[in-house]
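Here are some friendly notes to read with the model open beside you. Take the points in order and find each residue as you go.

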Amino acid sequence: MADTATTASAAAASAANASTDAPPFQLGKPRFQQTSFYGRFRHFLDIIDPRTLFVTERRLREAVQLLEDYKHGTLRPGVTNEQLWSAQKIKQAILHPDTNEKIFMPFRMSGYIPFGTPIVVGLLLPNQTLASTVFWQWLNQSHNACVNYANRNATKPSPVSKFIQGYLGAVISAVSIAVGLNVLVQKANKFTPATRLLVQRFVPFPAVGRLSCRPAPGCSSLCKASCAWQPSAWPCHWPSASSHRCQRSKRPS
């Protein structure tokens with residue numbers, strides 16, 4: 001019955017979409033083809049689009065209601081595919097698909113660049129002291145941990161202790177690598193002051209990159225964002241539900 005209602009909604013909307021370039025709307029499916037790199041790239045840009053940070057509460061309610069109308073076959077005449085895709089993008093960017101609760105703005109995928117960029121700038125500041133190195137590495141790992149937890153797969157709850165262990169391990173590892181490399185660079189007598197300064201600029205990269213190789217517990221939408229580049233390289237699969245979060249699965253043998 002639900003399939004019939006959805007088909008009726010799609011038929012009702014098709015007449016209004018003749019003049020648009022938007023593909024036919026599919027509830028819970030990506031707008032762009034995932035069989036090509038370009039399609040996955042555009043899908044990735046959709047996920048991190050910072051414009052969704054400025055969506056009002058009223059616009060969010062309208063988007064959710066529009067998708068509900070489509071799902072139950074009560075879509076009003078004249079609604080275009082573009083409007084449906086936009087509504088789905090807004091809902092997925094703001095609401096957690098499992099809990100249906102709003103994700104705190106700095107921890108949304110669309111907020112990862114606006115809120116993460118100042119941290120990256122802090123990591124790359126020259127002539128850092130021990131305290132500033134520890135602070136920026138801690139802040140970076142804390143932000144990453146919060147993003148992963150806010151976008152976690154809530155259908156398979158994991159003990160909070162696992163997230164805490166992962167968080168502490170990430171902070172300790174990042175700080176240890178960054179501080180250790182800084183000490184080694186400073187003690188390298190063969191380096192000129194200019195060379196030493198240049199090498200120190202690259203110290204944050206191994207500290208951050210080493211920890212980016214392991215997905216956090218619960219496998220979040222960050223993992224799916226990575227899948228956009230090379231899906232076969234990650235131990236995850238695309239969910240068939242209306243979630244844009246990644247769900248952990250077994251790695252193929």
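1. Let us begin with a tryptophan. Tryptophan 136 has 19% relative accessibility and therefore counts as buried (buried is under 20% relative accessible area, exposed over 50% and partly exposed in between, with a 1.4 Å probe and protein chains only). Its partner is phenylalanine 135: the two rings make an edge-to-face aromatic pair, 5.1 Å centre to centre and with 70° between the planes. Phenylalanine 135 is partly exposed, at 40% relative accessibility.

2. Before going further, please note what you are looking at. This is a predicted model, in which local features need pLDDT of at least 70 and side-chain atom pairs count only at pLDDT 80 or more, while totals for chains, interfaces and linings use all residues. Residues are numbered from 1 along each chain as its sequence is written, and side-chain values use heavy atoms, leaving out hydrogens and water.

3. Back to the rings. How many aromatic pairs does the structure hold? There are seven, where rings of Phe, Tyr and Trp (its six-membered ring) pair if their centres lie within 6.5 Å; planes under 30 degrees apart are stacked, over 60 edge-to-face and the rest tilted. One of them joins phenylalanine 104 to phenylalanine 107, edge-to-face, at 5.4 Å centre to centre with 70° between the planes. Phenylalanine 104 is exposed, at 54% relative accessibility. Elsewhere, ring pairs link Phe25, Tyr70 and Trp85 into a cluster.

4. A ring can also meet a charge. The charged end of arginine 152 sits over the ring of tyrosine 149, 4.1 Å from the ring centre (the rule asks for NZ of Lys or CZ of Arg within 6 Å of the ring centre and within 35 degrees of the ring normal).

5. Now look at helix H2, residues 37–47 (helices are DSSP runs of H or I with at least four residues, strands are E runs with at least two, and both are numbered from the N terminus). Its buried residues are Gly39, Arg40, His43, Phe44 and Ile47. Why are these on the same side of H2? Because they cover an arc of only 140° around the axis, taken from the directions from the helix axis to the C-beta atoms.

6. Buried in H3 are Leu60, Ala63, Leu66, Leu67, Asp69 and Tyr70. Just after H3, glycine 73 has a positive phi of about 75°.

7. The structure holds six salt bridges (a side-chain nitrogen of Lys or Arg within 4 Å of a carboxyl oxygen of Asp or Glu). In one of them, glutamate 82 meets arginine 31 at 2.7 Å, N to O. Glutamate 82 belongs to helix H4 (residues 81–94) and arginine 31 to the loop between helix H1 (2–14) and H2, so this pair ties together parts 51 residues apart in sequence.

8. Two further bridges deserve a visit. Lysine 89 and aspartate 46 meet at 3.0 Å, N to O; lysine 89 is in H4 and aspartate 46 in H2, so they tie together parts 43 residues apart in sequence. Asp46, Asp49, Arg51 and Lys89 are linked in a network of salt bridges. Lysine 102 bridges to glutamate 57, with the closest N and O atoms 3.0 Å apart.
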